[in-house]
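Hello,

Here is the structure I promised to pass on to you. Please have a look at it first, and then read on for my notes.

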Amino acid sequence: MQFKTNLFYLKIKCPVGCEYCFEDTNNEMVQKYDLQKMFKTFDSMIRKGEFNRITLHGGDVLSLPIEDFRYICEEFARRNTGISAQTSLAFLTDEHIDLIKKYHIGIGISVDGPPELNIFRGPRDPNLNKIYQQNLLSNINRLRKNKIPFGSISILTKHNATGENLDKLCEWVAKEKINGRFNPMFTPHFDNRMVYQELTPEELKNAWIRLYYVAKENPSLPMSPVREFIDNLLGLGLKSCVVTRCDYINTRCNTILPDGGIGRCDRCFQDGYYYSSENSTLNRSEILKSTECKGCRYWEVCGGACPGEGIDKDYRRKSRFCEAYYGFYSFLEKEIRGLLPNVILSIDIENYYDEYFLKERKLNWPHDMGYSTYHKRR
Amino acid sequence: MAVIPCAEMMPIYGRIDLQQKRGARSKLLDETSYETVKRDLRPAAITAIPNRVYDLYMSRLAEDGMFFYPFYKVKMTNGFMHNEVPAKLDDPSSFTSGCITKEIEVAKELKRLYGIYRNKDSSKKTTKDADKKIGELLGYPDCCCEFYSHLENYDPVYESALGGDHSFFNSELYCLNSDPALFQHLRYFGINITPWFPCSYSCKESRRRSEVWFNVMKSLNLQLAEEILNLLKKPSTWDLYNGQVLITHEDFLGYVTSYFPKVRKVVHFNQGDIK
């Protein structure tokens with residue numbers, strides 16, 4: 001099914017200070033948020049049917065004044081809109097916990113592994129970083145004690161996703177039952193300092209394959225992109241946004257900016273241009289299909305991948321992690337076909353994207369069975 | 001390949017007005033084009049009139065001592081386009097393309113030349129001659145008409161830059177000693193003063209005529225005209241790769257569909273000599 005991620009982006013400047021942040025935190029223009037304008041935009045988008053869930057994002061939402069955080073929760077609840085929040089947990093208080101429980105806020109935490117792997121997160125001062133890491137562990141425990149479920153976004157770098165540290169990462173995921181999304185770090189346009197930590201496509205592929213084995217041993221972990229890419233091959237939709245032919249100028253993500261304007265996916269903020277274009281287009285993917293991605297076996301389930309990862313930082317080009325996407329899909333295809341030699345996969349169907357994904361049709365799915373029925377029986 | 005012609009702009013934070021004023025800028029450029037004929041600064045102008053305002057436009061032309069001579073109907077498309085798509089006669093959302101002028105002979109000649117220009121069976125030489133004559137009737141400088149008639153592609157931003165002072169760094173062209181009033185690489189967003197491709201961005205005759213055009217523009221909307229010129233004066237880069245132009249301007253990012261050159265073409269404006 002086609003989906004749009006909807007972000008309520010309160011600020012760019014973030015007090016956490018992670019080393020590889022792709023937001024230009026020196027951008028002084030984005031400092032204050034106007035909640036009235038932001039909700040006005042939200043309401044106009046609801047009328048167009050573009051929202052059913054919102055994610056509070058940007059600048060660590062738990063660092064907002066608590067009265068603003070409460071007001072935002074109340075306003076979304078009043079509109080029957082489900083809320084998610086992405087946070088480092090660095091500013092978690094008991095009041096936040098009460099609000100998270102009261103409004104059933106879906107929490108996503110930003111963590112790259114146990115403290116020794118999580119080194120690029122948090123303040124750059126070593127002493128402050130030590131405190132940050134300890135707080136993070138205790139705050140994860142607080143969430144668990146309060147029976148608050150959470151997911152995570154982990155950024156894969158050379159530090160946590162190669163060599164022995166990759167073993168440690170996999171152990172941590174299995175032991176802590178991390179329901180995570182594992183994205184490759186990419187260096188933003190304005191800052192090349194972290195380029196030495198960017199994974200090569202081969203390294204990224206290997207990391208994803210290792211995480212696949214963790215997922216295989218732990219069927220209850222909805223780990224991304226492992227599960228998503230398996231589902232993509234099985235024709236059960238197309239996720240995540242990076243493989244759905246995002247057009248960069250309009251993106252698969254609506255971001256309500258602090259001034260009430262509508263912006264693109266926050267990955268695009270790296271180039272310094274925040275607002276979205278007025279119209280969307282599939283031109284990038286259409287052109288890639290006939291040029292750089294011509295004849296690719298996994299075109300239907302990749303689409304050139306995230307434009308924010310474009311080769312030479314040029315979003316018109318395919319992802320610089322192309323070989324990782326190709327290699328991982330290739331690995332998964334062999335695994336699936338090894339178990340199910342007669343299965344028909346999405347890549348066996350010409351124009352799967354147009355004929356199935358855009359028409360919200362699923363391939364290996366019993367069409368007379370609803371999703372909830374299926375889950376009950378499972 | 002199903003590439004849809006488009007021209008989109010994404011402003012920096014706090015400059016959403018650039019997107020909102022796009023219509024106003026385009027209208028000012030249309031009005032300037034109209035006024036230059038009305039004030040006898042050139043013989044004719046090409047325009048496309050939406051069907052819904054056709055009657056109103058005809059009345060206005062008559063009151064100003066001009067008339068509209070229709071050539072053909074084109075479809076309404078979203079944004080800037082390099083190839084006009086023909087429309088059916090009864091398509092209510094189409095435009096009628098043609099010229100505005102005071103002289104019937106000029107109108108007839110322009111229609112004849114456009115017929116040659118649009119006819120795929122015309123020889124290269126005939127098309128080039130027609131192209132050149134069209135430019136002259138539209139009041140563009142002779143040197144620029146000659147330059148344009150020899151071009152092979154439909155978006156000669158790069159070729160105009162090659163025609164003047166420039167330097168290369170990493171195969172990217174830096175445009176030097178240029179006059180922003182002649183720039184055409186932001187025209188997709190209604191940010192230009194003159195409508196023709198100059199033989200170089202420092203062409204003397206184009207400069208002279210651009211002053212006349214800018215004065216007309218200022219007489220219609222001083223503030224917006226100066227805003228357009230200020231946008232043209234800021235550093236920007238035009239980057240064409242695989243049929244897509246990326247325009248990186250201090251105040252916005254632009255995305256436009258274009259033609260497919262064999263190699264990537266990049267032009268830097270108002271950025272001095274990188275060497």
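Strand E2 of chain B, residues 44–50, is joined to strand E4 of chain B by seven bridges, and the two run antiparallel. Please keep in mind that this is a predicted model. Within this pairing, B:Ile46 stands opposite B:Cys99 of E4(B).

E4(B) is also bridged to strand E3 of chain B, which covers residues 67–74. Here too there are seven bridges, and the strands run antiparallel. B:Cys99 turns up again in this pairing, as the bridge partner of B:Tyr69. How enclosed is strand E4 of chain B, residues 95–101? Five of its seven residues are buried, so the rest of the structure largely encloses this strand.

Now to another sheet arrangement in chain B. Seven strands make up an open sheet with mixed pairing, and their order is E1-E9-E8-E7-E10-E6-E5. Which strands stand at the edges? They are E1 (7–11) and E5 (166–169) of chain B; each has a single partner strand, so one side of each is left without a neighbour in the sheet. On average, neighbouring strands of this sheet are turned by 15° against each other, direction ignored.

Strand E7 of chain B (residues 236–241) and strand E10 of chain B (residues 265–269) run antiparallel and are joined by five bridges.

Stepping back to chain B as a whole, its secondary structure comes to nine helices and 10 strands. The C-alpha trace spans about 55 × 45 × 40 Å along the principal axes of chain B. The radius of gyration of chain B is 18 Å, which agrees with a compact globule, because one with 275 residues would have a value near 19 Å. Buried residues account for 37% of the 275 residues in chain B. Of the contacts in chain B with a separation of 6 or more, 63% are between residues 24 or more positions apart.

Finally, chain B has a partner. The contact between the chains takes 20 residues from chain A and 24 residues from chain B. On the side of chain A that touches chain B, seven residues are nonpolar, nine are polar and four are charged.

Enjoy exploring, and do write back with any questions.

Best wishes

Conventions. Residues are numbered from 1 along each chain as its sequence is written. Chains are lettered from A and ligands numbered from 1 in the order in which they are written. This is a predicted model: local features need pLDDT of at least 70, side-chain atom pairs count only at pLDDT 80 or more; totals for chains, interfaces and linings use all residues. Two residues are in contact if their C-beta atoms, placed from the backbone, lie within 7 Å. Ala, Val, Leu, Ile, Met, Phe, Trp, Tyr, Cys and Pro count as nonpolar, Asp, Glu, Lys and Arg as charged, and the others, Gly among them, as polar. Helices (H or I, at least four residues) and strands (E, at least two) are DSSP runs, numbered from the N terminus. The radius of gyration is taken over C-alpha atoms; the globule rule is 2.2 Å times the number of residues to the power 0.38. A residue is buried if 20 or more other C-beta atoms lie within 10 Å of its own, exposed if 12 or fewer, and partly exposed in between; C-beta atoms are placed from the backbone. Two strands pair if DSSP finds at least two bridges between them. Axes are lines fitted to C-alpha atoms, for helices over the stretch in contact, and angles run from 0 to 180 degrees between N-to-C directions.
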